[in-house]
Each structure stands twice: as C-alpha cells, then as structure tokens.
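Here is a short report for a reader new to this structure. Please keep the sequence and the 3D view open while reading.

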Amino acid sequence: PKIALALLGDKGRIAHTQPRRLAARTVADRIAQEMGTEPGEVVGSRVRFSDRTSKQTRVTLMTDGILLAEISRDRLLRRYDTIIIDEAHERSLTIDFLLGYLAEILPRRRDLRVVITSATIDPQRFADHFTPVVGTPVPVIEVSGRTYPVQVRYRPFGPGHDPAEAERDQMQAIVDAVDELAHEPMGDVLVFLSGEREIRDTAEALREHLPTSTDVLPLYARLSHAEQMRVFAPQGGRRIVLATNVAETSLTVPGIRYVVDAGTARISRYSMRTKVQRLPIEPVSQASADQRKGRCGRVADGICIRLYTEQDYAERPRFTDPEILRTNLAAVILQMAALG
C-alpha cells in the first residue's frame, strides 16, 4: 500500500472494492494496521449505513455497489487515480457491470489505473476484455501466497453410503467430523454451511456436544458488526467457526487449521416460471470447493473434511455460473439506461 500511495503522488486516491461489507471493513483494518495508521485516516471504508473516511483518506475500501452508485454523480470517476476490483471471480452483477463500465471510460481516462484481482478464475479472460480498450496487451501478474499441504478426507453421509448409518444427517456428520479433528494437533476449525438457519442449528448441537472450553462462533452477513468481529479476536481455547461462503474468499479467519465443508451454498437464481428471484441451496463448484480447502493451509499443514464423495466432487462444474446468467436483468438494463 505504501508503494501504491507513493506512485499516486499527493492527490491520488485509490478505490478498492469488495463484494461484501464485512470484507470491506476487515480489509481496511488490515491495510491500516500494516501502514501504521488508524482506520478512517489514510485508509478508510465506506459501506451501506457506515462511512469511516476523512479528508485525509487516500485508500477507500468499499463494496462494489457503493462504487457503482458513485458513477451517477461522477461519470468518469475522476475522484480516483486507481481502481482495484477485488474478488472479481465472484462475477456478481455489480462486478460485471463495473468491468463493462470501466472498459467504456478508460479511453477517456488514460491516466486511470485499473487492477483486477481474482482467486479462482482464468485471469486471461479479464486481460482479453481490456486489451482492445487500452490498445496493448494487458499484463497478468500471478501472486502466489504461502500455503501448506492440505489433506482431503471424504466423509459422505445419508442413505446410499453406509446402510448402518442411513439416519445420519448433515448435523451429525459435522459433529462426527469435529470429533475426528479433536484427535489432531491443536487448531481452529472452519465449517462451511449454506445459510443462517443451518448455522444456528449446528451451533446449538455443537455447544451441547462439546466442552465449554470450545468456542462456537457463527459468521454470516446479517450478524451485527460486533458479533462478526468476535471471529477475529484471539481466544485461549479451540474455536469452531460456522460460516457461509462469506469466509470462502472474501476474508481470512485467523488461526484456521481444519475445514469441514458441507459442499453447498445458497445460489441466487431467477425463476422464469414464477418471475421471482430465488435462493436455492445448491452444490458448490470445484473452484469454490478448492478455495474452501485452501482456507486451512495458511498457517500450518491442514485437513479438509468434505461431507460428500470424491466422485461427487469430480462431477461438479469447474466454476460457478456468473450471476448475469442466472438473474433478472431488468434492473441492470434500467441502470444502464440511466447512466447513458
């Protein structure tokens, strides 16, 4: 961050987008810490209902929706010298809209620097999108973080896997996986679930089953900011974090050595028959499963327990469908018309 600010000079500003509010706040805190400043000074964040910026702020972490809203007031985004679109692999409607809009304004903003970061998708596709716009090949830079080996164990449940355990459901499978990991070296466990209700029910079951020294922490978007921040506070005993896919790529929970992956997530889809947007629970793609597995290889050798079969994993699609292919585009078309 310090090098980036030096390149920008005295007046340059960086807009750094994140798909989720929690990620925008936590990444801002991390960058501010690394730069030796307080959040809200040189590095700030802006999300819905919260603005932690000041006149001195040079790097603003924000949701991609906040940046999109700014376009209506500043069509060429002249307030910023650099725009970083982070987590672009999520391919939300807003991210795709921004990628298209930036391609439109770059010929008129030759001074604008655009950085696209992606964890799990082919970066060459992003480069090919912008190459005709800027007139020269767009460089692709690979940054490999330090990772440790992760052992994958498959522990499927339900009928068809073990007739003696036909009544074993997902909650019992998670309890069994946590018990299995209790025999491994000390480390926190991250459990991926599809939604808030599953997290609450599983948290209750684990609290009844485990000793009181084990801290069970939920993590999902609707939690209060204070509750979400508990996940990042150091604890004395073992922690079990129950999270939706918000913990898949958007943020890194510290201290995780083990992952239990239920293999599902709520995927937004538009129903042509009922004309409503739905949130069905679906199996995650291979890329998402691999990203979840990588969450436990950050601090030491890890173990990922998948609650489905290896064949099931092999038959899943390589990547998640972009949101633009599974949603109603009426709002997007109206927004495009409003922005000309």
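## Helix 4 and helix 5

In this predicted model, helix 4 and helix 5 run roughly parallel to each other. Helix 4 covers residues 93-105, and helix 5 covers residues 123-134. Their axes come within 9 Å. They cross at roughly 20°, and angles under 35 degrees count as roughly parallel. The crossing of helix 4 and helix 5 is right-handed.

Which residues meet here? Helix 4 brings Leu-99, Gly-100, Leu-102 and Ala-103. Helix 5 answers with Phe-126, His-129, Phe-130 and Val-133. By class, this contact of helix 4 with helix 5 holds 6 nonpolar and 2 polar residues, and no charged ones.

## Thr-244 in its loop

Look next at the loop between strand 10 (239-243) and strand 11 (256-261), where Thr-244 sits. Is Thr-244 buried or exposed? Its relative accessible area is 11%, so Thr-244 is buried; the cut-off for buried is under 20%.

The contacts of Thr-244 reach beyond its neighbours within four places in sequence. Phe-192, Leu-193, Ser-194 and Gly-195 are among them. Ile-199, Leu-219 and Tyr-220 also touch Thr-244.

## Salt bridges

How many salt bridges does the structure hold? There are 22. One joins the side chains of Glu-196 and Arg-200, at 2.7 Å from N to O. Both residues lie in helix 7 (residues 196-209). They are 4 residues apart, so about one helical turn separates them. Glu-196 counts as buried, at 18% relative accessibility. Arg-200 counts as partly exposed, at 44%.

Another salt bridge pairs Arg-306 with Asp-290, at 3.4 Å from N to O. This pair links distant parts of the chain, 16 residues apart. Arg-306 belongs to strand 16 (residues 302-306), while Asp-290 belongs to helix 9 (residues 286-294). Arg-306 has 2% relative accessibility and counts as buried. Asp-290 has 25% and counts as partly exposed.

## One more pair and a network

The side chains of Asp-312 and Arg-316 also form a salt bridge, at 3.2 Å from N to O. Asp-312 is partly exposed, with 28% relative accessibility. Arg-316 is buried, with 8%.

Salt bridges can also be followed across several residues. Which residues are linked in a network of salt bridges? They are Arg-46, Asp-51, Glu-70 and Arg-79.

Key:
Residues are numbered from 1 along each chain as its sequence is written. This is a predicted model: local features need pLDDT of at least 70, side-chain atom pairs count only at pLDDT 80 or more; totals for chains, interfaces and linings use all residues. Side-chain values use heavy atoms; hydrogens and water are left out. Axes are lines fitted to C-alpha atoms, for helices over the stretch in contact, and angles run from 0 to 180 degrees between N-to-C directions. Helices (H or I, at least four residues) and strands (E, at least two) are DSSP runs, numbered from the N terminus. Angles under 35 degrees count as roughly parallel, over 145 as roughly antiparallel, 65 to 115 as roughly perpendicular and the rest as oblique. A crossing is left-handed if the near helix is turned anticlockwise from the far one by less than a right angle, and right-handed if clockwise. Contact means heavy atoms within 4.5 Å. Ala, Val, Leu, Ile, Met, Phe, Trp, Tyr, Cys and Pro count as nonpolar, Asp, Glu, Lys and Arg as charged, and the others, Gly among them, as polar. Buried means under 20% relative accessible area, exposed over 50%, partly exposed in between (1.4 Å probe, protein chains only). A salt bridge is a side-chain nitrogen of Lys or Arg within 4 Å of a carboxyl oxygen of Asp or Glu.
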